[in-house]
Amino acid sequence: MTQREGSLAPQADSSVSLLPHLEAKIRQTHSLAHLLTKYAEQLLQEYVQLQGDPFGLPGFSPPRLPVAGLSAPAPSHAGLPVHERLRLDAAALAALPPLLDVVRRRQAELNPRAPRLLRRLEDAARQARALGAAVEAVLAALGAVNRGPRAEPPAAAAAAAAAAASGVFPAKVLGLRVCGLYREWLSRTEGDLGQLLPGGPA
Amino acid sequence: MPAGRRGPAAQSARRPPPLLPLLLLCVLGAPRAGSGAHTAVISPQDPTLLIGSSLQATCSVHGDPPGATAEGLYWTLNGRRLPPELSRVLNTSTLALALANLNGSRQQSGDNLVCHARDGSILAGSCLYVGLPPEKPFNISCWSKNMKDLTCRWTPGAHGETFLHTNYSLKYKLRWYGQDNTCEEYHTVGPHSCHIPKDLALFTPYEIWVEATNRLGSARSDVLTLDILDVVTTDPPPDVHVSRVGGLEDQLSVRWVSPPALKDFLFQAKYQIRYRVEDSVDWKVVDDVSNQTSCRLAGLKPGTVYFVQVRCNPFGIYGSKKAGIWSEWSHPTAASTPRSERPGPGGGACEPRGGEPSSGPVRRELKQFLGWLKKHAYCSNLSFRLYDQWRAWMQKSHKTRNQDEGILPSGRRGTARGPAR
């Protein structure tokens with residue numbers, strides 16, 4: 001995809017005056033994604049620390065448990081049109097909050113004396129919703145209708161709850177997976193929004 | 001055997017999984033290997049054990065193609081590889097582990113026992129909870145702020161170190177009737193405290209106790225019985241003012257207002273004052289200040305800054321014969337005593353007023369005299385400098401006198417006349 005394809009397309013007649021507003025909205029959402037990516041990094045660090053070694057050790061490679069309703073960004077994601085990428089970003093951000101809630105509930109049992117971790121997980125769910133809504137607003141402003149497949153949050157949450165109930169170690173691993181996916185999708189969203197900005201990377 | 005009641009079984013029971021498609025449970029119940037299709041199950045899953053006990057565990061591999069081998073498998077505990085001599089192959093697909101004399105868990109979420117394939121990939125994990133059952137909490141103390149609430153604090157048994165998450169629950173009930181209630185606002189004044197904000201009865205005793213529970217058992221404190229009216233405290237006295245008493249250099253006057261929250265409850269109050277000099281950490285306490293709202297501090301050092309605090313004890317509420325509980329100290333208020341005008345005994349260096357130069361050699365007898373003065377006199381800061389300045393002054397005044405009398409420097413009289421010495 002070229003930079004021209006990724007950047008804002010000029011609109012006709014009176015919509016030209018909307019471009020500065022649209023650009024401001026995209027810039028604002030991009031800044032939010034950037035900030036939340038940093039928070040997601042902190043969440044991940046705190047999470048691994050509280051699960052104990054080997055979770056925080058370099059080279060730790062747990063099984064990549066499937067999380068129903070949410071997968072990592074595909075390698076082909078970067079090659080998709082920007083509208084399609086943003087749709088996938090929005091869908092992932094909508095699927096994350098119930099999964100983060102499940103992780104928080106399980107961590108409340110495993111680490112009840114870790115209020116900061118629990119607060120970060122709660123904030124992360126709220127922030128994912130907020131960013132997802134902002135991305136949807138950008139898509140709407142771009143005239144792109146969100147046709148993409150959506151995860152059903154209740155099913156995704158129920159699946160995660162089942163995994164959490166199966167044993168402590170798998171629950172720790174699943175929580176790590178969810179926190180990792182959260183960080184990946186935030187980073188992906190930041191990158192995709194950045195390509196919409198004038199002068200953004202190709 | 002551990003103290004306290006035996007709680008849940010040492011092998012912690014797994015919660016029953018929710019009703020979900022079996023396939024989803026099978027997929028998520030055991031982690032898959034990072035590569036290949038082999039999975040494993042560790043038994044026991046998430047056991048709870050006493051410190052010092054032993055653990056026998058197994059890692060059973062299964063997968064596609066069938067006949068997965070236990071050869072090459074190994075264990076890690078909290079990321080550290082366990083010595084091979086602790087493991088043995090039970091059969092072609094099962095590796096056993098024997099751990100003895102277990103230490104307390106490193107983290108509250110459980111120690112991570114992991115079974116690895118030959119290539120290091122994780123096949124399965126289980127979390128160990130190694131610790132102690134709780135001991136009986138003790139030393140419960142409670143107080144009521146202005147009769148509106150009740151806050152209690154306690155000490156966990158064995159100083160709280162059980163290596164397992166231990167839940168503390170403060171319970172209370174009216175002594176002769178009523179049901180058990182559970183306090184809900186924890187950690188209000190420290191990690192082992194709870195606050196009951198409302199709906200408390202007066203003139204009737206409460207029974208209060210603490211229950212401690214963890215995976216290995218539970219323990220209950222002794223019951224504390226109290227009447228709210230006997231454990232009342234209040235706010236520190238507001239508006240504490242400290243001021244000088246005219247020019248009196250060793251006194252300060254302290255005034256305050258009685259705490260307003262209890263003004264309607266017909267009580268007498270006792271007060272305590274404490275004060276210290278600015279650079280000191282040692283407080284002096286004035287104890288016998290009963291039902292007054294002013295006091296004069298005496299015997300203070302002149303020219304010194306003092307910090308002063310006041311606190312209140314509301315005793316005798318509604319005729320209660322028991323002493324209340326002292327409030328917190330008021331915020332420190334500072335004031336200074338006037339400087340002293342005259343040098344007191346042992347104080348006031350004998351300093352010259354002017355800067356007249358000194359001269360003259362050191363005299364042994366004078367040195368001895370000054371040494372004697374230091375030991376036996378109050379004006380101990382005499383120095384050679386003062387003596388030399390006196391000598392210079394004497395010479396000057398002698399010269400002036402001689403001029404007046406007409407006496408020449410050699411001692412011969414000149415023409416000027418002055419008073420004869």
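Two strands count as paired if DSSP finds at least two bridges between them. The legends below describe close-up views of a predicted model.

**Figure 1. A five-stranded open sheet in chain B.** The strand order is 3-10-9-5-6. Pairing in this sheet is mixed. Strand 3 and strand 6 (80-81) of chain B are the edge strands. Each of these two pairs on one side only. In a regular strand, side chains alternate between the two faces of the sheet.

**Figure 2. Strand 10 of chain B and its burial.** Strand 10 covers residues 122-131 of chain B. Of its 10 residues, 10 are buried, so the strand is largely enclosed by the rest of the structure. The cut-off for buried is under 20% relative accessible area.

**Figure 3. Strand 3 alongside strand 10 in chain B.** Strand 3 spans residues 48-50 of chain B. It runs parallel to strand 10, and 3 bridges join the two. Look for B:Leu50: it stands opposite B:Gly131 of strand 10.

**Figure 4. The hairpin of strands 9 and 10 in chain B.** Strand 9 takes in residues 111-116 of chain B. Strand 9 and strand 10 run antiparallel, joined by 6 bridges. B:Asp111 stands opposite B:Leu128 in strand 10. The hairpin has 5 residues between its strands. B:Gly120 lies in the turn. Its phi is positive, about 90°.

**Figure 5. A nonpolar surface patch on chain B.** Three residues form the patch: B:Ile51, B:Leu132 and B:Phe163. Together they have about 200 Å² of accessible area. B:Leu132 sits in the loop between strand 10 and strand 11 (138-145) of chain B. Its relative accessible area is 33%, so B:Leu132 is partly exposed. A residue needs over 30% relative accessible area to join a patch.

Figure 6. Of its 421 residues, 40% are buried. Among contacts with a separation of 6 or more, 63% are between residues 24 or more positions apart. The accessible surface of chain B comes to about 24500 Å². Carbon and sulfur atoms account for 53% of that area.

**Figure 7. Helix 2 of chain A and the glycine just after it.** Helix 2 runs over residues 19-51 of chain A, 33 residues in total. The span from its first C-alpha to its last is 47 Å. That is close to the 48 Å expected at 1.5 Å a residue. A:Gly52 comes just after the helix and takes a positive phi of about 85°. An α-helix has 3.6 residues a turn, so residues three or four places apart point the same way.

**Figure 8. Chain A, built with helices and 0 strands.** Chain A has 6 helices. Along the sequence the pattern reads α-α-α-α-α-α. Of the 202 residues in chain A, 49% are buried. Among contacts between residues at least 6 apart in sequence, 84% join residues at least 24 apart. Chain A exposes about 9000 Å², with 56% supplied by carbon and sulfur atoms.

Technical notes:
Residues are numbered from 1 along each chain as its sequence is written. Chains are lettered from A and ligands numbered from 1 in the order in which they are written. This is a predicted model: local features need pLDDT of at least 70, side-chain atom pairs count only at pLDDT 80 or more; totals for chains, interfaces and linings use all residues. Side-chain values use heavy atoms; hydrogens and water are left out. Buried means under 20% relative accessible area, exposed over 50%, partly exposed in between (1.4 Å probe, protein chains only). Helices (H or I, at least four residues) and strands (E, at least two) are DSSP runs, numbered from the N terminus. Contact means heavy atoms within 4.5 Å. Accessible areas come from the Shrake-Rupley method with a 1.4 Å probe; for residues, only the protein chains shown count as cover. Patches are made of residues with over 30% relative accessible area and no salt bridge: like charges are joined within 9 Å, nonpolar side chains (Val, Leu, Ile, Met, Phe, Trp, Tyr) within 5 Å. A salt bridge is a side-chain nitrogen of Lys or Arg within 4 Å of a carboxyl oxygen of Asp or Glu. The expected span of a helix is 1.5 Å times one less than its number of residues.
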